[in-house]
Amino acid sequence: MALTSIKFLPGVDKQDTAVGANGRWVDSDNARFRYGLPEKVGGWASLLSSTVHGVARKIHAFVDTDGNRYVAIGTDKFLLIYFEGKLYDITPFLSTTAGVPTTYSATLTTNSTSPGTSITVTTSVSHTIEVGDMIVFDSVSMPSASSLSATLFEDKICQVISVPSNNTFTITSPTAEANGSGSDLTSGSSATLKPYERIGPAAQTYGYGFGVGNYGGNITGSQTNDLDGALLADTAGTGGSGTSVTLTATSGFSNPGVASVGVLGSGELISYTGVSSPNLTTITRGAYGTATAGTSNGQAHSDATIVYDATDWNGWGDAVNASSVSLEPGLWSLSNWGQVLVATISNGRTFTWDSGISGSARFTAHASTTTNNYATNINGALGNPTASRMTLISPTTRHLIHLGTETTVGTASTQDDMFIRFSNQGAINTYAPAADNSAGTYRLQDGTKIMGAIVAKENILVWTDNALYSMKFVGSPFTFGFEQVGTNCGLIGQNACCEIDGVAYWLSNNGFFAFDGTVNSLPCSVEDYVYDNFDTTKGQQVAAGINNLFTEVVWYYPSSGSTYNDKYVVFNYGESKQVPMGNWYTGVNTNSIRTSWIDAIVYPKPYSTAFDSTGTGTFPEIVGSTGLGDTTLFEQETGTDQINPDGSTTTLTSYVESYDIALQQDQPELFLAMRRFVPDFKTLTGNAKVTIALKDYPSSTAGNSTYSPFTITSATTKEDTRARGRYASLKIENDGTGEAWRFGTFQIDLQPDGRR
């Protein structure tokens, strides 16, 4: 019989059944659709021989006035600069309101017991250090009787492992203490240390009621002190008597309130009705289910155990709304004011780093609130807010805009998630509105918090969790005008939006949207597939990106039960009008998942980051790091496979799979025999595999034809199939290194084969 040609529409249709999706592909991975044809995606290569500690959720490329190109990388632990094939650590130090780094004097005590690598650091004053913080040591002298050298810690970053009290914390030594417990392993030690700014957790925690995160999510920066005397495992107060808990000091503690005693997030909660310095009075031990297991008694705590004011922590023992127990991950806003990088920690401070500092000195300088920026300073007395959800820069008017920020500059407790504050034009440190400047404020109304914002073609787009606003420069006296342009279309996460050619695309809790002057809900042929298995409670981890060369918008997202991103969905905005419900495709290949993305603008190809929660980063060097995972910086669309930091190659597999083709349209009771098919590849490098799967009925389990899979090369003219059935599907794939393909038309030879 004559060959029958079957032409497929581009994109994947998962809304219909495998039989009903007539003329469509129904599944894909690491494949795209270009000029109507499916093909394997391009490969990617690591830009570095090292990997980064933590998960990067924002990268930003910019150029200085000399034409040097940089990529700023913001992770949950560090702020880094990529320049000419090298990484530099510019993470800001924890600083005072005046911008001066916080420095502690301390002594060190080594541990001679198994495993002998724990070191206790005792600060001379109370600290605010938490588990997981990064500390930089200087002027280190080890205990005179210790076998450990000071060079192990001098000018090194150490990870905080535990915080027994507000005067102590522990780190891990790379070498065990060799001297016995009879030695004096404290005397003679000294050090100074500076903590890095705390950015946030690696993953978003979100759920219902007690037991999520730190008892439902603690408030970063909670008031702390320590016990003055031990608490026993009973219902009494300090020392096993009375109804009061004695602290070294109670200044700053709520009255009345709740205290958390012990390891943050897993200690004992104690409610109290009053404060009579230095006591928390009329206590109830073991509150909210934190008593000693099997009893109503409180837990035992030694003298000097750290105590947190937990009054404002979320979800105490109640079945509360999920929104009250969300602990957002560590996020950055990154933009550039000319050659100055502006970096804001989500719900924290804004820092700058000047790439114009001469010579190599710029790479030893850390971002700070006092970076020299053309004779002006940022933060401190000159006016930048100290708590903002995010920032961006208006590119044409040169205003630095803080979103979800303080109503009183410098007072973090006045942070309003819907409040916007913008600087004077061309002066990123002036925020007090005046007759002779263009600084100002505005509060949005629809929603509960600002989720994100981007610079679009003619305006700035600002999303809340429910609405979209347009922010346009209108001049004096208001500077910016605000217009609500959409509702019930809120943004799911800060980095879940992007813009290209005047059109913004974003992911919401209830679908995909675009804005080209009007908000449009995007028809989506994979919408149920995405949303039926999308952990929308981790929306702040979603990463959107533009790949303009292939007219693609891609979203990476976490599926249900996944801690981190593990799937992606692509919308091909350039080739969608001819396809019902648009040109969409999906993927789940572990090697393909990203946490951040930038398009080819500053650099000739897109850059992205991939995170491995089980990996161990190599930059920056950390003494005693644990549980941080690692991030790899990739250049996209290069080669055919994945080139790893160590130079090895990981095979990039891909496939597309078609709908169930009814082999006999007019007489479905008949079986047909597929005698052969003729391969039709537009391009083919190496081998491709073709699998014919057969079904008798739509609900049947597909089985491969006798000779499937067929290995196809550029020399293959035809393949004999010996396939028989009512329905057949086609799968094109590759599983070898160095392979690439682009498929054309499916041509098959059919003949009647009788009734069942």
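User: Before we start, what does buried mean here?
Analyst: Buried means under 20% relative accessible area. Keep in mind that this is a predicted model.

User: OK. Which residues of strand β27 are buried, and on which sides?
Analyst: Strand β27 covers residues 390–393, and both of its faces are covered. Met390 and Leu392 are buried on one side. Thr391 and Ile393 are buried on the other.

User: Which strand is β27 joined to, and by how many bridges?
Analyst: Four bridges join β27 to strand β28, residues 400–403. The two run antiparallel. Within that pairing, threonine 391 has histidine 402 in β28 as its bridge partner.

User: How many residues sit between the strands in that hairpin?
Analyst: Six residues lie between β27 and β28.

User: Switching topic. What's the mean pLDDT of the chain?
Analyst: The protein chain has a mean pLDDT of 89. For 92% of its residues, the value is 70 or more.

User: And where is pLDDT below 50?
Analyst: Residues 207–220 are one such stretch. The model still gives this stretch 49 contacts beyond near neighbours in sequence. Over residues 373–377, pLDDT also stays under 50. There the model has 11 contacts beyond four places in sequence.

User: Now aromatics. How many aromatic pairs are there in the whole structure?
Analyst: A search of the whole structure finds 34.

User: Give me one. Why is the pair of phenylalanine 512 and tyrosine 531 called edge-to-face?
Analyst: The ring planes stand at 80 degrees, so the pair is edge-to-face. The ring centres are 5.8 Å apart.

User: Which parts does that pair tie together?
Analyst: Phenylalanine 512 is in strand β37, residues 511–515. Tyrosine 531 is in helix α2, residues 527–531. The pair therefore ties together parts that are 19 residues apart in sequence. Phenylalanine 512 and tyrosine 531 are both buried.

User: What about phenylalanine 677 and phenylalanine 710?
Analyst: That pair has its centres 5.4 Å apart and its planes at 75 degrees, so it is edge-to-face. Phenylalanine 677 lies in strand β51 and phenylalanine 710 in strand β55, so the pair ties together parts 33 residues apart in sequence.

User: Are those two buried or exposed?
Analyst: Phenylalanine 677 has 2% relative accessibility, so it counts as buried. Phenylalanine 710 is at 4%, so it counts as buried too.

User: Which residues do ring pairs link into a cluster?
Analyst: Ring pairs link Tyr505, Phe512, Tyr531, Phe534, Trp555, Tyr557, Phe571, Tyr573 and Trp584.

User: Where do charged ends sit over rings?
Analyst: One case is arginine 594, whose charged end sits over the ring of tryptophan 44, 4.6 Å from its centre. Another is lysine 731, with its charged end over the ring of tyrosine 655, 4.5 Å from the centre.

User: Back to β37. What order do the strands of its sheet take?
Analyst: The order is β35-β36-β37-β38, in an open sheet of four strands with antiparallel pairing. β35 and β38 stand at the edges with a single partner strand each, so one side of each is left without a neighbour in the sheet. Neighbouring strands are turned by 25 degrees against each other on average, direction ignored.

User: How many bridges pair β37 and β38?
Analyst: Three, in the antiparallel sense. Alanine 514 has asparagine 520 in β38 as its bridge partner.

User: Last one. Is serine 271 buried or exposed?
Analyst: Serine 271 is at 19% relative accessibility, so it counts as buried. Serine 271 lies in strand β21, residues 268–276. Beyond neighbours within four places in sequence, its contacts include Gly257, Thr282 and Ala287.

Methods: Residues are numbered from 1 along each chain as its sequence is written. This is a predicted model: local features need pLDDT of at least 70, side-chain atom pairs count only at pLDDT 80 or more; totals for chains, interfaces and linings use all residues. Side-chain values use heavy atoms; hydrogens and water are left out. pLDDT is the predictor's confidence in each residue, from 0 to 100. Contact means heavy atoms within 4.5 Å. Rings of Phe, Tyr and Trp (its six-membered ring) pair if their centres lie within 6.5 Å; planes under 30 degrees apart count as stacked, over 60 as edge-to-face and the rest as tilted. Buried means under 20% relative accessible area, exposed over 50%, partly exposed in between (1.4 Å probe, protein chains only). A charge sits over a ring if NZ of Lys or CZ of Arg is within 6 Å of the ring centre and within 35 degrees of the ring normal. Two strands pair if DSSP finds at least two bridges between them. Axes are lines fitted to C-alpha atoms, for helices over the stretch in contact, and angles run from 0 to 180 degrees between N-to-C directions.
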